[in-house]
Amino acid sequence: MADTLRRLVNSSPYGVLQDKLEAWYKDYHVFSCDQNLNRCCELVELTSKIQGQLFTILNLTAHEGGHYSGVDTLKSRLLPWLGSCFTIAASSVSSDTSLSLIQESMEKDRKIRELSSAHDSDLQKIEDRLCSTRIELDTVKQELADTQIELDSTKNKSATTLLATEDEILHLKAELRVAQEQVDLYKRKLDVLDDYERQVRILRDEVSFLTAEKTILQERLFRSRSPSPLPRRSRSVSPVRGESPTRAQLTSSSRHARLVSRFSDLYATERLESQSLLRKYIDELETVQRILFIAVVESFQAAKLAYRQFKSRVRKTLSSTHIGPESLEDAVVDYIVRNLDLYDVQTSVNDVINAMNVNPRISFPPEVDFVLISSFIREACRIAFAMQTLDPPLDLAFSSDGELYSDVKYRRSFDSEFTAPLVVYHVWPALLEGDAVILKGEAVTRRGALWRSRSRSSSPVRSGSPSRTFMASRSRSPSPGRLSSIRL
């Protein structure tokens with residue numbers, strides 16, 4: 001018995017049984033049904049072998065104890081266990097029940113075989129799908145590789161195209177620089193041309209002056225040879241009274257033409273520049289045009305007032321020392337013509353800006369200051385001051401909002417209603433010589449102009465913007481002539 005027990009201990013069958021159980025447990029879900037059954041049968045066989053060895057050891061141990069040794073142990077432990085395994089099972093299961101159990105077992109075996117075959121079929125289908133998926137994956141990989149190759153090719157082409165485009169851009173930039181240089185060259189040529197035109201105008205004025213002087217000298221020569229003097233037909237020179245003509249009388253015609261040309265240039269050039277400057281701050285074109293029109297009108301009023309004051313001071317100065325063939329009035333005018341640069345134009349500009357700041361017909365944003373158009377106002381004042389030295393002096397036509405449109409004094413603007421009889425507002429005043437219109441103004445005509453003018457005239461007077469500063473050192477005092485010739 002001891003040898004048998006020693007062999008059982010040395011073989012360690014329970015350790016082998018435990019290892020097989022653990023290995024079967026790990027691979028149970030991987031194996032098929034047959035493989036699991038084989039493993040189970042193998043374990044049952046191993047267990048039966050161990051039980052056989054244990055029963056052999058039990059038998060040998062019982063023989064070594066004799067007839068009566070170990071009887072109690074066998075009665076209390078072995079026999080009850082054997083009874084519970086065989087007698088109870090035999091007593092609880094009948095022959096019919098055993099047959100039905102066998103049939104159920106066979107049916108379960110058949111179902112197990114069917115499930116195994118279905119499982120094998122599903123497994124085969126899954127393997128087929130896996131193969132097809134692998135083939136598709138290989139195809140997609142190949143397509144991806146082809147696409148990558150095409151992408152690399154496209155990148156190379158794009159890089160080449162980008163280089164070509166950069167070359168074209170550099171070429172275009174070079175052409176643009178050349179074109180800008182040509183434009184600058186043309187601008188310089190245009191400036192030179194403008195200088196030439198200015199010189200031509202000056203020469204023409206001098207030619208006109210010399211022609212007028214020549215005519216006067218010829219008339220004097222002819223009168224000295226003729227027994228009776230001939231009347232003079234010059235438009236701008238007063239009848240000859242036996243004295244020498246002054247410079248103002250000799251240059252009246254040329255100055256007249258030059259001042260009319262300067263007034264036209266003021267409308268065509270400086271007005272548009274000032275209009276573009278104001279449009280940066282004021283959106284309404286009507287307001288901008290009203291501002292420029294009122295600026296011209298106020299410039300003429302300020303220049304006429306300054307001319308009267310300047311003329312009065314010159315007359316007072318020359319009255320005590322004047323000796324000569326010409327009259328005192330002619331000497332005063334001649335002095336003013338020769339010394340136009342003594343005109344204090346900045347004071348007139350300040351007066352114009354002050355008058356515009358309190359004009360109720362101008363609507364403007366508070367951040368705009370009329371100093372922006374001071375250069376335009378300065379040129380208008382100089383032209384107006386010089387026009388007062390002519391004989392007769394040039395002046396602006398009377399105008400008011402809502403007046404009846406006149407083709408003699410005005411022409412309609414492009415945005416006017418050409419069937420409307422009344423003027424909404426004026427863009428540019430007409431220039432008069434006496435009662436004759438020598439330059440037409442511009443006006444905007446629309447229906448309902450009378451109602452608009454009344455609504456504007458009934459609105460309260462707006463004060464100037466806080467940003468505007470009154471630059472004049474003296475206040476304006478309206479004269480009767482100014483009140484009688486107010487434009488707006």
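Q: Which residues touch the most other members of the largest nonpolar core?
A: This is a predicted model, in which local features need pLDDT of at least 70, side-chain atom pairs count only at pLDDT 80 or more, and totals for chains, interfaces and linings use all residues. Residues are numbered from 1 along each chain as its sequence is written, and side-chain values use heavy atoms, with hydrogens and water left out. The largest nonpolar core has 50 residues, of which Phe263, Ile291, Met356, Ile373, Phe376, Ile377 and Met387 touch the most other members. A nonpolar core is a set of buried Ala, Val, Leu, Ile, Met, Phe, Trp, Tyr and Cys residues joined through side-chain atoms within 4.5 Å. Buried means under 20% relative accessible area, exposed over 50%, and partly exposed in between, with a 1.4 Å probe and protein chains only.

Q: And which elements give two or more residues to this core?
A: They are helices H7 (252–279), H8 (285–318), H9 (328–338), H10 (345–357) and H11 (374–387), together with strand S1 (394–396). The largest share, 15 residues, comes from H8. Helices (H or I, at least four residues) and strands (E, at least two) are DSSP runs, numbered from the N terminus.

Q: What is isoleucine 377 in contact with?
A: Leaving aside neighbours within four places in sequence, isoleucine 377 is in contact with Ala295, Ser299, Val349, Val352, Ile353, Met356 and Phe370. Contact means heavy atoms within 4.5 Å. Another core, of seven residues, lies apart from the largest one and includes Tyr405, Val423, Leu432 and Ala443.

Q: Now for pockets: how many residues line the largest pocket, and which lie nearest its centre?
A: The lining has 22 residues, and Arg201, Ile202, Asp205, Arg258 and Arg262 lie nearest the centre. On a 1 Å grid over the protein atoms alone, a pocket is an open set of points where a 1.4 Å probe fits, with protein on both sides within 12 Å along at least five of seven lines; lining residues have an atom within 4 Å of a point.

Q: Which helices supply that lining, and what classes of residue does it have?
A: Helix H5 (95–225), H7 and H11 each supply at least two residues, and the largest share, ten residues, comes from H7. By class, the lining has seven nonpolar, four polar and eleven charged residues. Here Ala, Val, Leu, Ile, Met, Phe, Trp, Tyr, Cys and Pro count as nonpolar, Asp, Glu, Lys and Arg as charged, and the others, Gly among them, as polar.

Q: Is aspartate 205 buried or exposed?
A: Aspartate 205 counts as buried because its relative accessibility is 17%. This residue is found in helix H5 and touches Ser254 and Arg258, not counting residues up to four places away in sequence. Aspartate 205 and arginine 258 are 53 residues apart along the chain, and their C-alpha atoms are separated by 7.7 Å.

Q: Changing topic, where is valine 437 found?
A: Valine 437 is found in strand S5 (residues 436–439). It counts as partly exposed because its relative accessibility is 26%. Not counting residues up to four places away in sequence, valine 437 touches Val408, Lys409, Ala430, Leu431 and Leu432.

Q: One last topic: which peptide bond is cis?
A: The peptide bond from aspartate 391 to proline 392 is cis, with omega near 0°. Proline 392 lies in the loop between H11 and S1. Most peptide bonds are trans.
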